[in-house]
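I opened this notebook to record what I looked up in a structure that was new to me. The entries follow the order in which I consulted it.

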Amino acid sequence: MNIIEYPQHEQWAAITRRPQLDHKQLHQTVAAVLDDVRTRGDEAVADYEERFDHVRLQSLAVTEQEMDEANSLVSDELKEAITLAHANIKAFHEAQRFQELHVETQPGVDCWQRSVPIERVGLYIPGGTAPLFSTVLMLATPAKIAGCRDIVLCTPPNPQGKVHPAILVAARIAGVSAIYKAGGIQAIGAMAYGTATVPKVYKIFGPGNQYVMAAKQLVAIDEVAIDMPAGPSEVCVLADNTAQAAFVAADLLSQAEHGVDSQVLLVTTSPTLLSQVQNELQRQLALLPRQEIARKALENSNLVLVASSEEMIELANAYAPEHLIIQTNDYMQMADKVVNAGSVFLGPYACESAGDYASGTNHTLPTHGHARAYSGVNLDSYSRKITFQHITPDGIRHIGPAVASMAQAEQLEAHRQAMTIRIESL
């Protein structure tokens with residue numbers, strides 16, 4: 001990791017910069033695959049599965065027999081953990097239900113909103129270097145609560161043509177409607193355009209690498225909605241001299257092991273802690289099965305020493321991290337100053353892993369600085385707010401002259417006439 005001590009503000013842009021790909025080449029590659037899937041449908045998806053996931057599939061759909069087989073392969077201990085996590089995620093998201101309220105803006109003018117679920121949603125679940133069955137719970141649980149009619153899931157198979165059994169178990173628990181064996185760009189294309197096997201959805205959810213992110217952004221131009229422009233995962237840890245170096249290092253590594261393009265950032269006011277964290281990173285890294293992935297991610301990452309807690313939170317807000325962990329003596333006061341973050345973890349025991357799996361909050365979050373403008377996935381992500389209004393003759397009397405006057409000022413005569421004809425009818 002890069003060590004940066006007492007940086008000036010003009011250095012902050014470099015500190016908070018994410019790793020970049022050649023987006024021109026990236027988009028050309030992604031667009032070519034998407035066009036092929038749009039044209040050839042299932043055949044193209046199968047061809048790309050053979051090319052990228054090294055398996056020739058006879059069918060894209062996961063069968064009930066495969067679901068039952070998966071259930072027998074997952075240990076009771078893991079099933080209990082998945083069930084516990086699902087219950088917590090369900091409880092947290094059910095508390096977000098929209099309350100319909102009528103507002104009488106003027107006598108006789110009644111306005112209200114109604115929350116209506118998106119009828120068909122698509123969930124993308126990565127399964128390459130790590131089968132993210134926890135993401136199934138995070139995406140499908142609120143979709144089910146919202147009342148989405150069809151919950152479609154795509155995830156890459158292994159070279160034997162099988163989906164990881166824990167993904168299938170989680171999908172059954174969370175209420176997924178249908179599962180298809182497709183990964184990467186081709187999965188996004190299949191859900192966006194529809195094929196003979198995979199139904200076209202109205203909104204696509206889920207994390208992925210930069211190819212998946214680019215595919216989501218391209219299909220969002222004219223085909224489907226997407227949850228957010230999400231890419232490689234990231235964490236920022238704020239820590240003072242009260243933090244435990246072992247905890248901090250573990251949190252940094254838990255993010256670094258996601259992928260080589262992940263990024264971690266430590267901001268601290270303590271030179272002693274910074275040195276201790278360096279040592280702990282080396283010690284803990286050597287014990288990880290995914291140490292080579294984490295090691296490469298750490299090359300894109302920074303340990304930053306600043307002069308004050310004010311600078312810590314200011315730098316964190318400038319970074320706008322997907323995950324923000326605050327391990328300081330005054331973490332609750334620091335939390336009040338957070339304005340840009342996907343999800344915040346407070347105190348020494350709130351590790352990011354808790355939110356990733358079982359505390360109840362959603363782990364599908366904005367990355368790459370998009371936390372400045374986007375929220376993480378929540379219950380509202382799966383619905384639309386439709387406005388309604390009812391106006392009585394008394395309401396026309398109260399707002400009619402204003403409407404007619406404004407329409408006339410904008411030189412929209414038909415708009416004015418639509419109101420004046422009602423005024424005159426009274």
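I began with strand 4 and its neighbours. I noted that strand 4 and strand 7, residues 203-205, run parallel and are joined by three bridges. Within this pair, I found Leu-123 opposite Phe-205 of strand 7. I record here that the model is a predicted one.

I then looked at the other partner of interest, strand 5, which spans residues 150-155 and pairs with strand 4 in the parallel sense over five bridges. I looked up Arg-120 and found its bridge partner in strand 5 to be Asp-150.

Is strand 4 mostly covered or uncovered? I found strand 4, residues 120-124, mostly covered, with five of its five residues buried. I checked each face: Arg-120, Gly-122 and Tyr-124 lie on one side, Val-121 and Leu-123 lie on the other, and all are buried.

**Entry: the whole chain**

I stepped back to the protein chain, which has 17 helices and 14 strands. Its C-alpha atoms fill a box of roughly 85 × 60 × 45 Å along the principal axes. I noted 426 residues, of which 48% count as buried. I also looked up the contacts between residues at least 6 apart in sequence, and 76% of these join residues at least 24 apart.

In what order do the strands of the six-stranded open sheet stand? I read the order as 1-11-10-9-12-13, with parallel pairing. Strand 1 (2-5) and strand 13 (343-346) are at the edges and have a single partner strand each, so one side of each is left without a neighbour in the sheet. The twist from one strand to the next averages 15 degrees.

I followed strand 1 to its partner. Strand 1 runs parallel to strand 11, residues 302-305, and four bridges join the two. In this pairing I found Ile-4 opposite Val-304 of strand 11.

I next looked at what packs on the sheet. Helix 13, residues 309-319, touches strand 9, strand 10, strand 11 and strand 12, and its direction makes about 170 degrees with that of strand 9. Helix 10 lies across strand 9 (234-239), strand 10 (263-268), strand 11 and strand 12 (323-327), and runs at about 170 degrees to strand 9.

**Entry: helix 10 and helix 11**

I looked up how helix 10 (residues 245-256) packs with helix 11 (residues 271-285): the angle is about 55 degrees, and the axes are 8 Å apart. That angle makes helix 10 oblique to helix 11. I noted the crossing of the two helices as right-handed. Helix 10 contributes residues including Ala-245, Val-248 and Leu-252 to the contact, and helix 11 contributes residues including Leu-273, Val-277 and Leu-281. By class, I found eleven nonpolar, two polar and one charged residues in this contact.

His-54 is in the loop between helix 3 (42-52) and helix 4 (64-73). With a relative accessibility of 58%, His-54 counts as exposed, because the exposed class begins over 50%.

I then turned to Ala-320, also not a glycine, with a positive phi of about 55 degrees. I located Ala-320 in the loop between helix 13 and strand 12. Is Ala-320 buried or exposed? I found Ala-320 buried, its relative accessible area being 0%.

Key. Residues are numbered from 1 along each chain as its sequence is written. This is a predicted model: local features need pLDDT of at least 70, side-chain atom pairs count only at pLDDT 80 or more; totals for chains, interfaces and linings use all residues. Side-chain values use heavy atoms; hydrogens and water are left out. Buried means under 20% relative accessible area, exposed over 50%, partly exposed in between (1.4 Å probe, protein chains only). Two strands pair if DSSP finds at least two bridges between them. Axes are lines fitted to C-alpha atoms, for helices over the stretch in contact, and angles run from 0 to 180 degrees between N-to-C directions. Angles under 35 degrees count as roughly parallel, over 145 as roughly antiparallel, 65 to 115 as roughly perpendicular and the rest as oblique. A crossing is left-handed if the near helix is turned anticlockwise from the far one by less than a right angle, and right-handed if clockwise. Contact means heavy atoms within 4.5 Å. Ala, Val, Leu, Ile, Met, Phe, Trp, Tyr, Cys and Pro count as nonpolar, Asp, Glu, Lys and Arg as charged, and the others, Gly among them, as polar.
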